[in-house]
Amino acid sequence: MALPLLREELALLPGPALADGQPSHTLHDPVRNQFFQIDWSTFEILRRWHLDDPAAIAAAISQETTLHVDSDDLETVLYFLYDNQLLQPAPGSAAEFAYRLKKRKGSKGEWLLHNYLFFRIPLFKPDRWLTRWAGHLDFFYANSFRILTLFVLVFGVIEVYRDWERFTTTLVDMLSWSGMASYGIALVAVKSLHELGHAFTAKRYGCRVPTMGIAFLVLFPMAYTDTNDVWKLTSRQQRLWVAAAGIVTELVIAAWATLAWALLPEGGPKSIAFMLATTTWISSLAINASPFMRFDGYFILSDWLEMPNLHARSFALARWDLRERLFALGEPLPEVFPRRRHRWLVLFAYATWAYRLAIFLGIAALVYAFFIKAVGIFLFAVEIAWFVLLPPFRELQAWRARWPALRKSPRARLSGGIALAVLILLFLPWPTRIAATGLLRPVEQFVVYAPRHAQVTALPVAEGALVKAGSPMIQLSSPDLEARQRVARARFDRLRWQASAGVFDSEQRKQWQVLQEQLATAEAELANIQADSTRYVPLAPFDGRLVNIDPDLKPGVWLGDQEPLARLIAEQNLQVITFLDEDEVALVTAGDHARFFADGLEGPFLNLEVVRIDSDASRTLPEAELSSLYGGSIMVREKKGLLYPEQAIYRVTLKTNTAPQNLAGHSWRGRVVISGTWSAPIWRFVRTAVTLLRRESGF
């Protein structure tokens, strides 16, 4: 069988030695600027491709080298060349190439989807400019510059440590419009230098840099530099330096910016130096150094492991591992690696999938939030479908293609049974345990507050003493109130005498009606003052114990308006107050049992019973001890002395009839665990999802 001709413009370049020691070569397609790494046997086959006969090629390789190739090896190489369009087109193959081009482009919708998810805009062709300037930057690659940068970093860190308080204050100052503008300027500058670091390093090793520009990943802009020519390099260390040049550039900038912050006067340049010394390089390490996306960290790791196409190869291995664990089909490995590397690659693939799932869900949420509602919903659905649902769907299709083998596999039947059992457990009702922060306190309590212009007269009850209902708890006085009372009493007595004497005086009889009205007004005023005076001798509304008496109280002390003086608590039962969100409160009914565990596990452990559930959400949180501001778990915001919950919460009251006697007069914060109604675990998630969809789909 005659072999098809290779394309004449292809270039075969020497490559680095592979991990197993065999030599490799790089096949360069200059039309598409693509590089293919080939092993020793493929190189020997291509060297003898001109023999135009598979048997002759195999015989020549066996005679001239220590390799042994067969027809399967030649067929694999032929398929590789055909699939990557490295062969000359045969006569009459135009229709086939047109079909492959159409299939690669896809429909207009697919083209729009792919270009929305990722596209590049080339802005510059910097190769000639880089060639002109590359020789002038040798100093930055010298060991002397590295040592100088290290000394600068040490000196800058020492200066920052000596002025740490001002350094942290600079971070607060950046939270302003001018600070954010400085951050934007610093970010654009450092990312430009990041890309120039890649470009100049690649040019230093003789590589061509055809374009630089901006790439958009789901409409999020990021700079890029085309350094595909680094695949021509036979030195793995040189490729590592090109891949790491951007991150190293940012770290060098951060080192010099740290010293600049210490030396510059206050102003815009100092703020920019602060941003370069802190947040920009940290964000670069968090994003560019990550090997889970195809950024710098991925290429660094690929070159370090000597594994091009690291993601694709690890994903194929992880898919094989997943199928073998679930179904034990006995399929051959996609690639054979040493045991430790095999295990590491599988774990790396799983970690990459988890990382990408979190990133893509975040991107979908951002896309939804930053566009108008109709467009946001559509783009959110596209993100979820393409990045989250499509990969599992493709794996299910692969399982479907293996259905005849799955039916015969005992492991597959076992995995199916386990999956069915998990589904049943998700849909079967289970007893629910709802945990929340609660406050244990007496059922009845009364706080004594000071009225206006009050002065302590006497303290008839000691701290912790029992008080009968109707007994005075504290005696106060108010000279202002007493003066008003004397004036009102005198006016009342005078008007009453005038009204009674009007019977005998003709002049008074003429004013009798007016006197009666004035007398009624004076009597009402006197009654009002007398009612106010009762506030200065507060009486116990129920039998209880007086606690929390202000230790500074003593006769003669003046008090502020509404100053808390003491608290009267009932001696009988205790109750627990807790708050649940709208999902949890639906699982609780009156009569459900619960347990209370005090914080720190040093307080009481009590059996409780739900007695009341508010039907309306609480607008404020009276129990400040349960708020996040005071160590609780309920997120609140404070406004004018009131605590407003950040989300809808419902007040739940629980009682205990067997409280120990030593708890009387005490309040405890702790954990309440309520045994709610039985519910299917999946139902809560379904209800939350439906509620979210209904709320967000409205216009």
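1. Helix α1 (residues 40-47) lies across β1, β2 and β3 and runs at about 110 degrees to β3. The model is a predicted one, and the points below should be read with that in mind.

2. The sheet behind this packing is open and has 3 strands, in the order β1-β2-β3, with antiparallel pairing. β1 (11-14) and β3 (34-38) are the edge strands; each has a single partner strand, so one side of each is left without a neighbour in the sheet. From one strand to the next the twist averages 30 degrees. As background, the strands of a sheet pair through backbone hydrogen bonds, either parallel or antiparallel.

3. Between β1 and strand β2 (residues 25-29), the antiparallel pairing extends over 4 bridges. Within this part of the sheet, Ala-11 stands opposite His-28 in β2.

4. Leu-13 belongs to strand β1. Not counting residues up to four places away in sequence, Leu-13 touches His-25, Thr-26, His-28 and Lys-232. On the scale of the chain, Leu-13 and Ser-633 are separated by 620 residues in sequence and by 64 Å in space, C-alpha to C-alpha.

5. Asp-127 lies in helix α6 (residues 127-134). With a relative accessible area of 19%, Asp-127 counts as buried, because the limit is under 20%. Which residues does Asp-127 contact, leaving aside its neighbours within four places in sequence? They are Lys-203, Cys-207, Arg-208 and Val-209.

6. The second largest pocket has a volume of about 760 Å³. Its lining is made up of 24 residues, and those closest to the pocket centre are Phe-140, Phe-145, Val-248, Thr-249 and Val-252. Three helices, α7 (143-162), α9 (177-204) and α10 (236-263), are the elements that give two or more residues to this lining. The most comes from α10, with 9 residues. By residue class, the lining of the second largest pocket holds 18 nonpolar, 4 polar and 2 charged residues.

7. In general, rolling a probe the size of a water molecule over the atoms shows where empty space is left. How many cavities of 30 Å³ or more does the structure hold? The count is 1. The largest cavity contains about 70 Å³ of space. Its lining consists of Val-448, Leu-459, Pro-460, Val-461, Met-473, Ile-474, Leu-546, Ile-549, Leu-553, Leu-565 and Ala-566. These divide into 11 nonpolar residues, no polar and no charged. The lining of the second largest pocket, by contrast, includes 4 polar and 2 charged residues.

8. Helix α13 (residues 296-305) is mostly covered, 7 of its 10 residues being buried. The buried residues of α13 are Asp-296, Gly-297, Tyr-298, Leu-301, Ser-302, Asp-303 and Leu-305. Following α13 comes Glu-306, which has a positive phi, near 55 degrees.

Methods. Residues are numbered from 1 along each chain as its sequence is written. This is a predicted model: local features need pLDDT of at least 70, side-chain atom pairs count only at pLDDT 80 or more; totals for chains, interfaces and linings use all residues. Side-chain values use heavy atoms; hydrogens and water are left out. On a 1 Å grid over the protein atoms alone, a cavity is a set of points where a 1.4 Å probe fits but cannot get out, and a pocket is an open set with protein on both sides within 12 Å along at least five of seven lines; lining residues have an atom within 4 Å of a point. Grid points are joined across faces, edges and corners, and a volume is the space filled by probe spheres set on the points. Ala, Val, Leu, Ile, Met, Phe, Trp, Tyr, Cys and Pro count as nonpolar, Asp, Glu, Lys and Arg as charged, and the others, Gly among them, as polar. Two strands pair if DSSP finds at least two bridges between them. Axes are lines fitted to C-alpha atoms, for helices over the stretch in contact, and angles run from 0 to 180 degrees between N-to-C directions. Contact means heavy atoms within 4.5 Å. Buried means under 20% relative accessible area, exposed over 50%, partly exposed in between (1.4 Å probe, protein chains only).
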